[in-house]
Amino acid sequence: MTVSLEQLSRCHFAVDLGAARTRVFVKGAGLVVDQPSVAAVNTRTGALIAVGDFAEQMTGRTPQYIRVVRPVSGGTVVDIEMAQRMLRHLIGDRMRRALRRKPRLRAAACTPHEADPLARRATIETLVGLGARRVELVDTLIAAAVGCGLPVERPEATMVMVCGAAATQVAVLSLGSIVTAERIPVGGEAVDRAIVQHLRHEHELMLPSQSVRPLQIALSDNGLTPQGPVSTEIHGRDVATGLARSVRVDTAAMRDAIHTPLLAVLDGIGKVLRDCPPDLVADLVDRGIMMVGGTALLPGLDKMLQEAIGIPVHIAERPDICAVQGLGAMLEGRIAPLVLAPLAA
Ligand SMILES: Nc1ncnc2c1ncn2[C@@H]1O[C@H](COP(=O)(O)OP(=O)(O)OP(=O)(O)O)[C@@H](O)[C@H]1O
Ligand SMILES: [Mg+2]
């Protein structure tokens, strides 16, 4: 860990700015924000109209003068000013005033594994704009592993897989550090895109922007597993005529479409395991992989991975909020520090 637990325990709040959702943890108050990373702007006046859930509901339903924007993309803040405005509104006046009263406001944030310096800078600047005098960055993989209660500080392997919206990150950890890790730019968004493309190519059907994930869940209770209905009815718009139409789609073909982007994830897991020392791989066969992140909820993903790699796959209790909970645990000093001090002679 590059940041010490001591430095983190001096932070007042922690932020996880994800491509899909923004989460904020305030020391002493807990998780105060868990909302979509979306803002709606009036393009005539530049004023912010809505943020979070309400702004997301507006997606695809706005008149011309309202634009719905996502200030975080691909796991990095792409529009710092908008991200600051969105965060300010999500946190709310009361909590912001309470935070501003702190003499030297310190913040922690998680960043994707091996985020480039520009991406790290963007996260720091976003939080500095919110009044933080100092910002500590923590690798999402470590925050998530701590958040789901993995014993990361022990001399044995633990494997964590963060399945986010923009990317999937996998790591083997031991003694509080990352041994090998990989970031695969395929996440929940890629799965959604695969469904949209499948329906467009095979059925010439366009879906309303909000319906992809409900569809993904409705497809069958079992998602990627073969049980469940053989076909399902989907409403959308005909690509050629532009008129409303509904089709019956074969769920097996849809599952195949979802499988395609996930092959890259399987490759990434294989690479992490190949790069890992054999002793640690042996630990993993018993212990298995812990899946966190919103996409870990994709029904059947755990079973599919387990069959493909032959290692048990578990889903964390609240996979979507593990990273920010991990940051919170570090802020509140609930993590036993890893002492690797030199032995006295
Ligand atoms: N029940 C569910 N079934 C399938 N997918 C789901 C479910 N719930 C959430 N997701 C997916 O999880 C993703 C959001 O996960 P998460 O909140 O971890 O993303 P994020 O932290 O914003 O993204 P990132 O870490 O990549 O920046 C979305 O792509 C969403 O489609
Ligand atoms: Mg995330």
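Modeller: The crossing of α7 and α9 is right-handed, meaning that the near helix is turned clockwise from the far one by less than a right angle. This is a predicted model, in which local features need pLDDT of at least 70 and side-chain atom pairs count only at pLDDT 80 or more, while totals for chains, interfaces and linings use all residues. Residues are numbered from 1 along each chain as its sequence is written, with chains lettered from A and ligands numbered from 1 in the order in which they are written.

The helices here are DSSP runs of H or I with at least four residues, numbered from the N terminus. The axes of α7 and α9 (residues 251-274) come within 8 Å and cross at roughly 135°, where an axis is a line fitted to C-alpha atoms over the stretch in contact and the angle, from 0 to 180 degrees, is taken between N-to-C directions. That angle makes α7 oblique to α9, because angles under 35 degrees count as roughly parallel, over 145 as roughly antiparallel, 65 to 115 as roughly perpendicular and the rest as oblique. From α7, the residues Ala190, Val191, Ala194, Ile195, His198 and Glu202 meet Ala253, Met254, Ala257, Ile258, Thr260 and Pro261 in α9, contact being counted when C-beta atoms, placed from the backbone, lie within 7 Å. By class, this contact divides into 9 nonpolar, 2 polar and 1 charged residues; Ala, Val, Leu, Ile, Met, Phe, Trp, Tyr, Cys and Pro count as nonpolar, Asp, Glu, Lys and Arg as charged, and the others, Gly among them, as polar.

As for the ligand, 21 residues surround ligand 1, the closest being Gly18, Ala20, Gly164, Gly188 and Gly294, with a residue included if its C-beta atom, placed from the backbone, lies within 6 Å. The largest share, 3 residues, comes from α8. By class, the shell around ligand 1 has 8 nonpolar, 9 polar and 4 charged residues, and at least three residues are drawn from each of domain 1 and domain 2.

Those domains, whose bounds come from an automatic or database domain assignment, are domain 1 (5-144 + 326-331) and domain 2 (151-316). Their centres, taken over C-alpha atoms, are separated by 26 Å, and the contact takes 14 residues from domain 1 and 18 residues from domain 2. On the side of domain 1 that touches domain 2, helix α6 (residues 140-147) gives the most, with 3 residues, and that side has 5 nonpolar, 7 polar and 2 charged residues.

Helix α6 also packs with helix α12 (residues 322-331), at an angle of about 80° and with their axes 6 Å apart, which makes α6 roughly perpendicular to α12. In this contact, Thr140, Ala143, Ala144, Ala145, Val146 and Gly147 of α6 meet Cys322, Ala323, Gln325, Gly326, Leu327, Ala329 and Met330 of α12. The contact of α6 with α12 has 9 nonpolar, 4 polar and no charged residues, whereas the contact of α7 with α9 has 1 charged residue.

Conventions: Helices (H or I, at least four residues) and strands (E, at least two) are DSSP runs, numbered from the N terminus. Two residues are in contact if their C-beta atoms, placed from the backbone, lie within 7 Å.
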